[in-house]
Amino acid sequence: MRRITAFFCFLALSLGAVLAQSGYPYTQVPFTSVKITPNTFWGDRIRAAREVTIPLAFSKCESEHRYKNFEMAAYTLQHPGHPGLQTPDWDVSKFMGFSFDDTDVYKTIEGASYVLQTFPDEKMKAYIDSVLDVVGAAQEPDGYLYTARTINPEHPHQWSGKNRWEAEEILSHELYNLGHMVDAACAHYQATGSDKFLNIAKCYADCVVKEVGANAGQACVVPGHQIAEMALARLYVITGEKKYLEEAKFLLDYRGKTGRKDVYSQSDKPVVNQTEAWGHAVRAGYMYAGMADVAALLGDTAYIKAIDTIFENIVGKKYYLTGGVGARHEGESFGADYELPNLTAYNETCAAISMVYLFERMFLLHGDAKYIDCLERTLYNGVISGMSVDGGKFFYPNPLSSDGHYCFNADSTMTRQPWFGCACCPSNLSRFIPSMPGYVYGVRENNLYVNLFAANTATINVAGKEVTLEETTQYPWDGDISIKINKIVNRKSSNRQFTMMIRIPGWVQDKVVPSDLYAFSDDVKSDYKISVNGTPVAHYQLNNGYLAIDRNWEKGDVVRIHFDMPVRTVVANSHVADDCGRVAVERGPLVYCAEWADNEGINPHELQLAQQPQFKVEAGYGIKNTEGDGKTFNVTAITAQAQEGSVKLIPYYAWNHRGAGKMDVWLILNKLKRI
């Protein structure tokens, strides 16, 4: 009977189904249209994810019982009431660490799906397909898929509650599991064209639509850990089935109106009445991104007003220079305004990823480059710091200062780990890093937005014109970018006109962030030059941070961009107590730090930069990755003049590859200009 029911439940979308529109005024160019060039900055990171991180994550699904959970749930479904349920071997809490362990499987499949688009791999596709057989077998006849309960319905995981959904707002994570399942299934469908996973996810989503809501007989609950909201909106966009969007709206509208009301879970008040970022930073970021999705799809101005206000609060008062968020270890949460400690900063890697989701959606709503400026800062500093360069070790928190010992786990040193019992950050990086190509470009009507600078080839539809671009650059190591039109086809007419919108980063325009939280403290000025086929483009007034190049494009046209990349010093707002009397160093999108391994005999906590420090840029500085594979990787380092002589600075994301020790982003400099 279960197989028959499942068959009808799995009746899927055809590959030719018409996709719903995203609702955003601006459109994200999907990862399927952009291929990052190998042996470049982002090419190396995607390769590390493909060759190391994703295989590692799949191996952990094997060794840490993740697949076994699905197999045991399937066995229970096939043998209801079997004697094993009464034995210690089937005590769920003994072998399942967390009620959200299933999501490690989903997130890894999502990352592998993104990679398949650039690196087709039939063996990997077959492996994922075999994993989906295991996952699908654990799905209950009505679509419910949550192994923490299905393995032993009478004695589920201790966080799960006696009945479905009754512990959802506390610890069960049933809807959190749904969210990651749906996101992974949508990515798998987009990358492979197979609806196998999508149908499994749809069945669980249908179960949630039926059982969770405000109607009689439904469980009126909202997610204890948000992410289902943005995932259900994505499922609506893929399928065009409005019930998923309506469910996402319910999960947001009823927040603050159900049994749980607290700041930690952003449920102290309805979402439209929230004006600042509080509580668990990952939950918050996912919720704000979900609000943006629903606002765009439904034109909800109250939602837009709320997230606009929250964005201003984050970047104006709760945003680290590295783009991380979440000041407090307690509750992995945002702190009060200007509460930005360095040594004890939590800055969970997952929270940085959630900010990228939010900032991208803010751009899609408003089309302003300031949101991509924040996305870029978080991406190059707060996100990739969480994964070693070789892809095999990870940070959960990302502090801006280290004494080599203080850590989220008081019994361990502050060093990268090969995995965590709560594996949300490694598996989240598994899915996020390969998705990076989807953030490079955007489109609105006849405008093509160049948001991030990375070597790639892309084929993009711009108002009916098929445009194939080739971008070459060594960014972020230098500010030279070349964009060549390799092909442009308009099948309806000879018109090849469109406007290329080039983002001029805030750091080029003497703006650290779009607020007064940080400011450059030196008198250095950056400039930029742009030309088309060798002819300079005049610096007209920018449009929301973009320089517009409007022309009738031809195959072979080349746009060349040059951004000056001087070393700059930064100070924090005087309300940030931990940064008083200190200065930070940046170059381009990268934040730098002083680490023990480069500065023998100098304690970064005590060194003082010269009052007007001189900097020397050193390209190709080698760092031996003793914490990973032992290989050397190259960065652009900076030598700074200090009272102790000179100090070597490296990009923040590259620290801690040579073992635990002292590190600082904010360095002492007296007689500072304050803001």
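## Sheets, a helix and cavities in a predicted model

Strand 1 and strand 4 pair in the antiparallel sense over 2 bridges. Strands here, like helices, are DSSP runs numbered from the N terminus (E, at least two residues, for strands; H or I, at least four, for helices), and two strands pair if DSSP finds at least two bridges between them. This is a predicted model, in which local features need pLDDT of at least 70 and side-chain atom pairs count only at pLDDT 80 or more, while totals for chains, interfaces and linings use all residues. Residues are numbered from 1 along each chain as its sequence is written, and side-chain values use heavy atoms, with hydrogens and water left out.

**Confidence**

The predictor's confidence in each residue, pLDDT, runs from 0 to 100. The mean pLDDT of the protein is 92, and 95% of its residues reach 70 or more. Over residues 1–20 pLDDT stays under 50, and the model has 29 contacts beyond four places in sequence for this stretch; a contact means heavy atoms within 4.5 Å. Where pLDDT is low, the predicted coordinates should not be read in detail.

**The two sheets**

Strands of a sheet pair through backbone hydrogen bonds, either parallel or antiparallel. Gly442 of strand 4 has two partners: Gln28 stands opposite it, and in strand 5 its bridge partner is Tyr449. Tyr441 is bridged to Val450 in strand 5. The hairpin of strand 4 and strand 5 has 2 residues between the strands, and there Glu445 takes a positive phi near 50°.

A second open sheet has 7 strands in the order 2-6-7-8-14-11-12, with antiparallel pairing. Strand 2 (34–36) and strand 12 (535–536) are its edges, each pairing on one side only. Within this sheet, Val467 stands opposite Ile488 in strand 8.

| Strand | Partner strand | Bridges |
|---|---|---|
| Strand 4 (residues 441–444) | Strand 5 (residues 447–450) | 4 bridges |
| Strand 7 (residues 465–473) | Strand 8 (residues 480–490) | 9 bridges |

Helix 3 (residues 66–78) has 13 residues and should span 18 Å at 1.5 Å a residue; its end C-alpha atoms are 19 Å apart, which agrees. The expected span is 1.5 Å times one less than the number of residues. Among the buried residues of helix 3 are Arg66, Tyr67, Phe70 and Met72. Buried means under 20% relative accessible area, with a 1.4 Å probe and protein chains only. Their cover includes helix 2 (41–63), helix 4 (92–95), helix 5 (102–118), helix 6 (122–137) and helix 7 (147–150).

Ser354 lies in helix 15 (residues 349–366). With a relative accessible area of 0%, Ser354 is buried. Leaving aside residues up to four places away in sequence, Ser354 touches Ala281, Val282, Gly285 and Tyr286.

**Cavities**

The whole structure holds 6 cavities of 30 Å³ or more. A cavity is a set of points, on a 1 Å grid over the protein atoms alone, where a 1.4 Å probe fits but cannot get out; lining residues have an atom within 4 Å of a point. Grid points are joined across faces, edges and corners, and a volume is the space filled by probe spheres set on the points. The largest cavity has a volume of about 70 Å³. Its lining includes Asp373, Glu376, Arg377, Trp507 and Glu586. Helix 16 (residues 369–383) supplies the largest share of that lining, 3 residues.

How values were computed:
Buried means under 20% relative accessible area, exposed over 50%, partly exposed in between (1.4 Å probe, protein chains only). On a 1 Å grid over the protein atoms alone, a cavity is a set of points where a 1.4 Å probe fits but cannot get out, and a pocket is an open set with protein on both sides within 12 Å along at least five of seven lines; lining residues have an atom within 4 Å of a point.
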